[in-house]
Amino acid sequence: MAASRAALRAMREDAEALNIADVTANWVNAEVLQGEIDARIKALADLSHTPLFFGRLDYLHAPGLDLAEGASSGAAQWGSPRTESGGASGKGGGGRREGENFYIGRRHVHDADGDPMVIDWRAPVSQPFYRASKKDPMDLRLRRRFGYTAGELTAYEDEHLTDPTEAEQTSRLLQTEIERPRVGPMRDIVATIQPEQDEIVRAGIGGSVCVQGAPGTGKTAVGLHRVAYLLYAHRERLARAGTLVIGPNRSFLHYIEQVLPALGELEVKQATVDDLVGHVDVRGTDEAAAATVKGDARMAEVLRRAVRSHITMPQEPCMVVRGSRRWRVPAYELEELVQELMDREIRYGAAREALPQRIAHAVLVRMEQAGEAPDDRVQDAVARNPAVKAAVKAVWPPVDPAKLVLRLLGDAEFLAEQAEGILTPEEQKTILWTKPARSVKSAKWSSADAVLIDEAMDLVARTHSLGHVVLDEAQDLSPMQYRAVGRRCTTGSTTILGDIAQGTTPWATHTWEEALAHLGKPGAAVEELTQGFRVPREVIAYASRLLPAIAPDLTEATSIRESAGDFEIRPVEPADLTAATLAACDDALTKEGSIGLIAAEARIPTLRTALAAAGMACLAPGEETSAEARLTLVPATLAKGLEYDYVVLEEPAAIVDGEPDERTGLRRLYVCLTRPVSGLTVVHGAALPEALADR
């Protein structure tokens, strides 16, 4: 460990010592190269509380030896193995070498000679650390796990995978790592990835993957580690195209933002769906019924019609004057050109840019028939002719997407024309503004309106596509939001993460097949994770009693946690609810780790005031917990994706009643019940929901 830390420090010092003064042709190259060096230096930072390696693999034979024979690239692919003393191991000469061992860690570390001391967990040679078993040892003699306390090596544990006398057993270090208290932001799971998770992490970039994961199965961590793996395996490709992680809200993104940097990946962008479609200031909200209609996939066709409604067939010929000659393109020929572009279904803006060239070409044909010899420069000049510009503007005028949606939602007659046969009159009335806005700036746009504008923008001009997109908590998106995300990965792949049972919006998807179709990835593989690592056994069993009502087709999650967890239900008189809730928080604070107080949105101001009066400092969701500040006050609507060692859940009935319908309310409650890592206390003054009434 000490030697590898010293080697990493030397790697960083080498990068800092690089002098590029004499190797760059100009200042632009110098800036670019210096940026690369700065990023390299930053990536080589040694995090004192993060161990450089967490495992060791002892192979029976040299990995990849058969491939390496006669090919000098073999050692570069797999890395030179090391003995425990730090030197190369194995027998020289021909035959199979034995005694190979590799230390597996979060990043690659090499010594002064360039020989690897720590192998990146994403390298092919590291894969057996996650997948090898007694049944399939994958040519391993031994797998060693290391245990750490505050970054210091304190324990190790060996599995002799080819020893028939040693029984297969659960790793104590693995259990300890899983049950370690959660303080601060989400951490990586690189040392504890399970075989079924590793299969998803290492899935190829060519296809998209959808992960249906029950609470605590690590689906978010799997998605983030998959990004890290893809960046390792396809770095140049993704560096050009870009990578994006999409989360449900800013609190969630803040919670997960340290995972990828801890794995050495610093350039991945994060955003919410609202960030993606933030073309206007969102200052309003929709009723659930209006938001549901606006989020329906049928709105895409309404918008397509609305955009195309601006096209009018030409009624007059186009007369182009060049010098002493006049060239006339008759109206019927202009109509043919317009119709041809419409039939091709290309984007509105691209067709509008193509139309002047089509008209100019028609003029050039006439010039050639008259004996002239025009070239491309003449065609470009004709396309810029005022008469051609005027003709294009008359039949194919520019469209402002925001103004289009403004008109659609504010003009009942225009909406009726575009939505005829698509939306019912009642649905049209639902989304129509009661008081039309005067301008784009003065309109009180909602989040659903911003998605409509984004759709209209894509109808006018193609949205830029990224190399890979990770979409977390995907079950809550509307069909139109799925389309907005899908536009960002039309030429790339995507990883979709979610849990149908945790869908807490009125428009939440019913099946992943439906969601994938809206995303434009109908052929994506759907993988299901049901083995939980975070939620204690008793807690997940209690929460799963809601599944028949909220997602009857899903498999009930199981927990590998040996600890049943602290689980208590405290019924109290309604008048004593606040005092009992604070008492439960006080009890939780006597234990190690983070505490989340989750309550209905309407109760948050009252609880915040009561906590302040009691001298109990509390954080807001997304704020980083520490040893001094461990209690977070969480509205039920923001609990999704977060986790705490101990959760105090106040008044389940109020959480259910805070949603538009019972199913959504029970799903919200299911989310809240499954946030704890070590213990759950339910405090209630009103009756519990029927499914939870009898413990």
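Me: Where is Glu 345 placed?
Reply: In this predicted model, Glu 345 sits in the loop between α15 (331-343) and α16.

Me: What is phi of Glu 345 near?
Reply: Phi of Glu 345 is near 55°, a positive value in a residue other than glycine.

Me: Is Asp 139 buried or exposed, or partly exposed?
Reply: Asp 139 has a relative accessible area of 26%, so this residue counts as partly exposed.

Me: Back to α16. What does helix α16 give to the largest nonpolar core?
Reply: The core has 81 residues, and those touching the most other members are Leu 355, Val 382, Trp 396 and Val 485. Helix α16 (residues 348-369) is the greatest contributor to this core, with nine residues.

Me: What is Val 485 in contact with, leaving aside its neighbours within four places in sequence?
Reply: Val 485 has contacts with Ile 246, Val 273, Leu 276, Val 469, Leu 471, Leu 477 and Leu 519.

Me: How many residues are in the other core?
Reply: A separate core has 79 residues, including Leu 529, Ala 551, Ala 557 and Ile 598. In soluble globular proteins, nonpolar side chains tend to be buried together.

Me: New topic, the hairpin. How do β10 and β11 pair?
Reply: Strand β10 (residues 318-322) and strand β11 (residues 325-329) are antiparallel, with five bridges. They make a hairpin with two residues between them, and Gly 323 in the turn has a positive phi of about 65°.

Me: Which residue of β11 stands opposite Cys 318?
Reply: Cys 318 is opposite Val 329 in β11.

Me: Is Val 329 buried or exposed?
Reply: Val 329 is buried, because its relative accessible area is 0%.

Me: What does Val 329 touch, not counting residues up to four places away in sequence?
Reply: Val 329 touches Pro 317, Cys 318, Leu 334, Ile 359, Ala 362, Val 363 and Arg 366.

Me: How far apart in space are Val 329 and Pro 128?
Reply: The C-alpha atoms of Val 329 and Pro 128 are 71 Å apart, with a sequence separation of 201 residues.

Me: Now the open sheet. What is the order of its six strands?
Reply: The order is β3-β4-β2-β1-β5-β6, and the pairing is mixed. The edge strands, each pairing on one side only, are β3 (109-110) and β6 (152-159).

Me: How many bridges join β3 to β4?
Reply: Two bridges join β3 to strand β4 (residues 116-120), and the two strands run antiparallel. Within this pair, Val 109 faces Val 118 in β4 as its opposite residue.

Me: And the whole chain, what does its secondary structure come to?
Reply: The chain has 31 helices and 21 strands. Its C-alpha trace spans about 95 × 80 × 45 Å along the principal axes.

Me: How many residues does the chain have, and what percentage count as buried?
Reply: The chain has 695 residues, and 52% of them count as buried. The accessible surface comes to about 31,900 Å², with 50% belonging to carbon and sulfur atoms.

Me: Which share of the contacts with a separation of 6 or more comes from residues 24 or more positions apart?
Reply: Such residues account for 75% of those contacts in the chain.

Me: Last topic, charges. How many are positive and how many negative?
Reply: The chain carries 78 positive and 101 negative charges, and their mean positions are 5 Å apart.

Technical notes. Residues numbered from 1 in each chain as written. Predicted model: local features only at pLDDT ≥ 70, side-chain atom pairs only at ≥ 80, totals over all residues. Heavy atoms only, no water. Helix = DSSP H or I, 4+ residues; strand = E, 2+ residues; numbered from the N terminus. Buried < 20%, exposed > 50% of the residue type's maximum accessible area, 1.4 Å probe, protein only. Contact = heavy atoms within 4.5 Å. Areas by Shrake-Rupley, 256 points an atom, 1.4 Å probe, with all protein chains shown as cover. Lys, Arg positive; Asp, Glu negative; His and termini not counted. Charge placed at Lys NZ, Arg CZ, Asp CG, Glu CD. Core = buried A, V, L, I, M, F, W, Y, C linked by side-chain atoms within 4.5 Å. Pairing = 2+ DSSP bridges.
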